[in-house]
Amino acid sequence: MSIMHIVQQFLFAAIAGFAVFLFGKKIMYIRKNILLGRDEDYSDNPSLRWKNVFLLAFGQKKMFRNPLVALMHLIIYAGFIIINIEVLEIFLDGLLGTHRLFAAPLGGFYVFLINAFEVLAVAVLSVCIIFLCRRNIIKLKRFVSKDLDGWPRSDANYILITEIILMMLFLTMNASDTLLQTRGYGHYAGHNTGHFLFSQILHPLLRSMSNQYLALLERTCWWLHIVGIFAFLNYLPYSKHLHILLAFPNAYYARLWPEGKMRNMPSVQKEVLYAMQPELAPADAAAPSKFGAKDIFDLSWRNLLDAYSCTECGRCTGACPANITGKLLSPRKIMMSVRDRAEEAGKNIQKNGSFRNDGKNLLSYISAEELRACTSCNACVEECPVSISPLEIILEMRRALVMEDSNAPQEWNAMFSNTENNFAPWKFAPDERDAWAHD
């Protein structure tokens, strides 16, 4: 083995190790941020939870409400999963200094696999172009919302462009490789895979190149492809495309209680019970320490996992009746704001060793007007393809506004007062409630 090959192996191992280290470090940081939330138990009914993983995460069940878009998304998803099997060969080739390690042992099946990968690569490339057009030329309403102004809009485009480049590198690498095989050049002569389905279309463009330049092109595409995948791996945790990984735990820890059910605070229920039946109150009954959520520490870890799993697709906002009628509320923006606050709190802890009061909370990111606009209809939860619940966060924040800060509109306060005094939202004494029927 030449010195050049040894240097390449060492360089590849160093790049791979560094990429995996950086990715692992960021994932652990995100995990710590998620665990800043309150503890909750989601260990019940594991069989149903695994069913959710296969239906919602693998099967993308909710996406198929729009079959055409779902099919295109499935192509990208399948391409991401299946084509990366091919990355295993590239990875081992880089570490071991080999070339097309699996070609000889797999024989004809290897050619079938690469052809299948090329079909997927062309499909992924085509769908990415279509998705770029939907975002930047057709400009679907949910993709031009002000929620996505700045980095989030660019993020989606960067990912799609990166996927296109990676697929083109894969096809060009295969085209130059098979052409060098037919010419019997260098170590390429030791393989006889034949021409692959789509990459052979590029042969007429490459035939005029000399063997040396063609080998340089193949190696350049090989390096850019694998380094691009390492870069993509480390870009994921900073991107909305983190849902590629978090969709699976998010589906597993999906809420199994009936749709639309709102969870009451046991402490509040007890307070009401003790007010109506004081004899049931224990002598040492302590008042609840906190109502609702003012900051991410008051939300559950499940809410924070939701925030990091958000795909920013906007289906929740597109279905929200408050948003449709022009109100400020956007469930997508709620999830993005919770994630931003979690990131800010995580950096605060990382810098200071523990959280140091920065004078901010969730209301620094989400206004009372947004929270009050919610009708609690559950449309956002129903639409989300990865089982996120913006409604749960909205309800917890509204509880804090009303019960901690006494911050509620005049109409709400009148309703609360009537409910407290008259046991109904209306300003009628209980014994006068049937007076309307007298005449």
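Me: What makes the pairing of Arg-341 and Asp-295 a salt bridge?

Reply: The model is predicted, and the distance is read from its atoms. The N to O distance between the two side chains is 2.9 Å. The cut-off for a salt bridge is 4 Å. The value falls within it, so the pair counts as a salt bridge.

Me: Why can this pair be said to tie together separate parts of the sequence?

Reply: Arg-341 lies in helix α14, residues 331-352, whereas Asp-295 sits in the loop between α10 and α11. The two parts are 46 residues apart in sequence, so the pair ties them together.

Me: How do you know whether Arg-341 is buried or exposed?

Reply: Its relative accessible area is 0%. Buried means under 20%, so Arg-341 is buried. Asp-295 has 9%, so it is buried by that rule.

Me: Why do Glu-392 and Arg-255 count as a salt bridge?

Reply: Their closest N and O atoms are 2.6 Å apart. That is within the 4 Å limit, so the name applies.

Me: What makes Glu-392 and Arg-255 a link between distant parts of the chain?

Reply: Glu-392 is in helix α17, residues 390-404. Arg-255 is in the loop between α9 and α10. The two are 137 residues apart.

Me: Are Glu-392 and Arg-255 buried or exposed?

Reply: Glu-392 has 11% relative accessibility, and Arg-255 has 16%. Each value is under 20%, so both residues count as buried.

Me: How are Arg-302 and Asp-306 placed relative to each other in helix α11?

Reply: They are four residues apart in the helix, which means a separation of about one helical turn. Their side chains meet in a salt bridge with an N to O distance of 2.5 Å. Arg-302 and Asp-306 are both buried.

Me: Which residues are linked in a network of salt bridges?

Reply: The network links Glu-40, Arg-255, Arg-263, Arg-302, Asp-306 and Glu-392. The whole structure has 22 salt bridges.

Me: What angle and axis distance describe the packing of α1 and α11?

Reply: Helix α1 (residues 3-34) and helix α11 (residues 301-309) pack at about 135 degrees, with axes 8 Å apart.

Me: Why is α1 called oblique to α11?

Reply: Roughly perpendicular stops at 115 degrees, and roughly antiparallel needs over 145. The angle of about 135 degrees lies between those limits, so α1 is oblique to α11. Ile-30, Asn-33 and Ile-34 of α1 meet Trp-301, Leu-304, Leu-305 and Tyr-308 of α11. By class, this contact has six nonpolar, one polar and no charged residues.

Me: What separates Cys-313 from Cys-377 in accessibility class?

Reply: Cys-313 has 13%, under the 20% limit, so it counts as buried. Cys-377 has 44%, between 20% and 50%, so it is partly exposed.

Me: Why is Arg-332 given its accessibility class?

Reply: Arg-332 is in helix α14. Its relative accessible area is 1%, under 20%, so it is buried. Beyond its sequence neighbours within four places, Arg-332 is in contact with residues including Asp-147, Glu-312 and Cys-313.

Definitions and conventions
Residues numbered from 1 in each chain as written. Predicted model: local features only at pLDDT ≥ 70, side-chain atom pairs only at ≥ 80, totals over all residues. Heavy atoms only, no water. Axes fitted to C-alpha atoms, helices over the stretch in contact; angles between N-to-C directions. Parallel < 35°, antiparallel > 145°, perpendicular 65-115°, else oblique. Contact = heavy atoms within 4.5 Å. Nonpolar A, V, L, I, M, F, W, Y, C, P; charged D, E, K, R; others polar. Buried < 20%, exposed > 50% of the residue type's maximum accessible area, 1.4 Å probe, protein only.
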